[in-house]
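The stops below are given in the order in which to select them.

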Amino acid sequence: MKKGWFLLGKTQAAANYYQVFNPHTENLIGEAAESTPAEMHEAIKEANEAYEKMKTLTSNERAVILFRAAEILQNRKEDGARIISQEACKPVTAARTEVQRTIQTLQFSGEEAKRMNGEYIQLDAAEGGEGRDAYTIHEPIGVVGAITPFNFPLNLVTHKVGPAIAAGNTIVVKPAEQTPFSSLLLAEILTEAGLPSGAIAIVPGDGKSLGEVMLHDERVKKISFTGSPEIGKLLKAKAGLKKMTLELGSNSPMYIDQSCCEEINEVAEKAVKGAFAYNGQVCLSTQRIYVHAEVFQDFVRRCSEKTALLQFGDPLEESTEVSSLINKKSQQRLYEWVKEAETEGAEILAGGKKTGNGLEPTILLNVPSSSSISCKEAFGPVVIINKVQDSEEALEQMNNSRFGLNAGVFTNDLKQALDMAHRIEAGQVLVNDVPTLRFDHMPYGGVKDSGYGREGVKYAIEEMTELKMISLKYR
Ligand code: ADP
């Protein structure tokens, strides 16, 4: 497979290409365009021109395109899953789930395109306001610039593209270097569905040089970024007055209280899923688990048993549950963090060794909060389990983080669930559920260093539009 960059409804030949490898087998998957800054300029110029056309489409016409795209993807599901599986090194069963979610994200986008309602403002609530009607409308903003990571190369890109189209904007995407092919598939599908030429561009290549162009071009009205906190901060510092959404990482916590003793097996099942699904390379991944002393031993034993059963292998094998990490740098970094924690007194309950180009799913006990594996984002298959005496100690530990994306609480005590949900510093709290659960219409985003702004189709549309107030005086 050799694919260029995507502009004006088709794949364009590039001057230079780079090689994309399957991180597990190290086999060559294909070659992708090493796009130049000049090509990024061209994509923005075309997207800006296409905006004139997009503005003339009714919300129904935009919805029809999005629904049609969902249908086309439905028919190309296996294509999508195989591309994701190979380039992102994702077990193929999980890649199929990602495609299914992408279909839904497109459908939600189509539905929300038709629901961009404003509101009536009661002006006579102010003295002298009588005799007027006022209402709000959501207007598109123009060209949106999206910079995306490797971990959900189709659905995460669609979380930016779907709402942008629903709102009547155009979009230029800079996909992660490791995963250019999924986003190219999305652009092809949207074009086949009838999206106006130029309304989507996919510009693969180097983040820094292509990102610079997006940041400095005034025609780009908004940057929607998902990736590491380090790059997020860097972009924010340079974005000037552009609108921004930053979806960054976390070291997400979870708490299990003593009231869960009877269903501790089920809780362990959910915790293992939260920690090790897609090798922990998920922004929401559970990284720190705090367990009440009364159920600690039982919980730890069950987590260890379940973790030992996880099947490591080639991402394209149906039985594979965990595979190699996205690159060797990530493998080495995590391995060093595990060793550091061990030196600081932590016990390795499971895993801890390199396997293939990955790391065995690893459980660490008694990790100090200052250890890298506790206070930084792991983005890999390592989870910490620490014992606490009560919910107050758990809350203190959970909030002792520079991040705040999501958290899980397991309890049968309703008052405790609500109290903790209110006091945890995070964008979302999941009670008695897989702590990484995400449905694609849910608001999604973080506080603290996990970023700002919300995705989830309806919420992303709000961030990709401007609210205009119109007032009419009738008396
Ligand atoms: P990850 O660790 O998940 O790969 P990164 O933050 O490194 O996360 O990358 C996310 C996206 O940001 C990728 O598309 C990458 O190319 C892009 N990127 C990396 N560095 C920069 C930069 N300096 N400016 C703009 N984009 C960047």
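Start by selecting residues 15-470, the span that an unreviewed UniProt entry annotates as "domain: Aldehyde dehydrogenase". The model is predicted. Within this span, 42% is helix and 22% is strand. The C-alpha atoms at its two ends, residues 15 and 470, are 49 Å apart.

**Whole chain**

Now widen the selection to the protein chain, which contains 15 helices and 25 strands. Its radius of gyration is 23 Å, close to the 23 Å given by the globule rule for 475 residues, so the chain is as compact as a globular protein of that length. Along the principal axes, the C-alpha atoms fill a box of roughly 70 × 65 × 40 Å. Buried residues make up 53% of the 475. If you display contacts with a separation of 6 or more, 71% of them join residues 24 or more positions apart.

**Helices H1 and H7**

Select residues 37-54 for helix H1 and residues 207-216 for helix H7. The two helices pack at an angle of about 35°, and 9 Å separates their axes. The crossing of H1 past H7 is right-handed. To see where they meet, show Pro 37, Met 40 and His 41 on the H1 side, and Ser 209, Leu 210, Val 213 and Met 214 on the H7 side. Coloured by class, the residues of this contact are five nonpolar and two polar, with no charged residue.

**Strand S8 and Gly 145**

Gly 145 sits in strand S8, residues 143-147. Is Gly 145 buried or exposed? It has 32 C-beta neighbours inside 10 Å and therefore counts as buried, the cut-off for that class being 20 or more. Leaving out residues within four places in sequence, the contacts of Gly 145 are Val 172, Met 214, Val 220, Lys 222 and Ile 223. Met 214 is also one of the H7 residues that meet H1.

**Helices H5 and H6**

Next select residues 155-167, helix H5, together with residues 180-192, helix H6. Here the packing angle is about 35° and the axes are 10 Å apart. H5 passes H6 in a right-handed crossing. Val 157, Thr 158 and Val 161 from H5 make the contact with Ser 182, Ser 183 and Leu 186 from H6. Sorted by class, the contact has three nonpolar and three polar residues, and no charged ones.

**Thr 179**

Step back to Thr 179, in the loop between strand S9 (170-174) and H6. With 29 other C-beta atoms within 10 Å, Thr 179 is buried. Which residues does Thr 179 touch, not counting those up to four places away in sequence? They are Glu 87, Ala 88, Phe 150 and Pro 153. A label between Thr 179 and Leu 359 will read 21 Å, C-alpha to C-alpha, for a pair 180 residues apart in sequence.

**Two positive phi angles**

Move to Cys 89, in the loop between helix H3 (77-88) and H4. Its phi is near 55°, a positive value in a residue other than glycine. Cys 89 is buried, having 32 other C-beta atoms within 10 Å.

Then go to Asn 279, in the loop between helix H9 (264-276) and strand S14 (286-292). Phi of Asn 279 is near 60°, again positive in a residue other than glycine. With 31 C-beta neighbours inside 10 Å, Asn 279 counts as buried.

**Glu 119**

For the last stop, select Glu 119, in the loop between helix H4 (92-113) and strand S6 (120-121). Glu 119 has 11 C-beta neighbours inside 10 Å, so it counts as exposed, a class that takes in residues with 12 or fewer. Beyond its neighbours within four places in sequence, Glu 119 is in contact with Tyr 135 and Thr 136.

Conventions:
Residues numbered from 1 in each chain as written. Predicted model: local features only at pLDDT ≥ 70, side-chain atom pairs only at ≥ 80, totals over all residues. UniProt positions renumbered as here; feature names shortened; annotations may be inferred. Helix = DSSP H or I, 4+ residues; strand = E, 2+ residues; numbered from the N terminus. Axes fitted to C-alpha atoms, helices over the stretch in contact; angles between N-to-C directions. Left-handed = near helix turned anticlockwise from the far one by under 90°. Contact = placed C-beta atoms within 7 Å. Nonpolar A, V, L, I, M, F, W, Y, C, P; charged D, E, K, R; others polar. Rg over C-alpha atoms; globule rule 2.2 N^0.38 Å.
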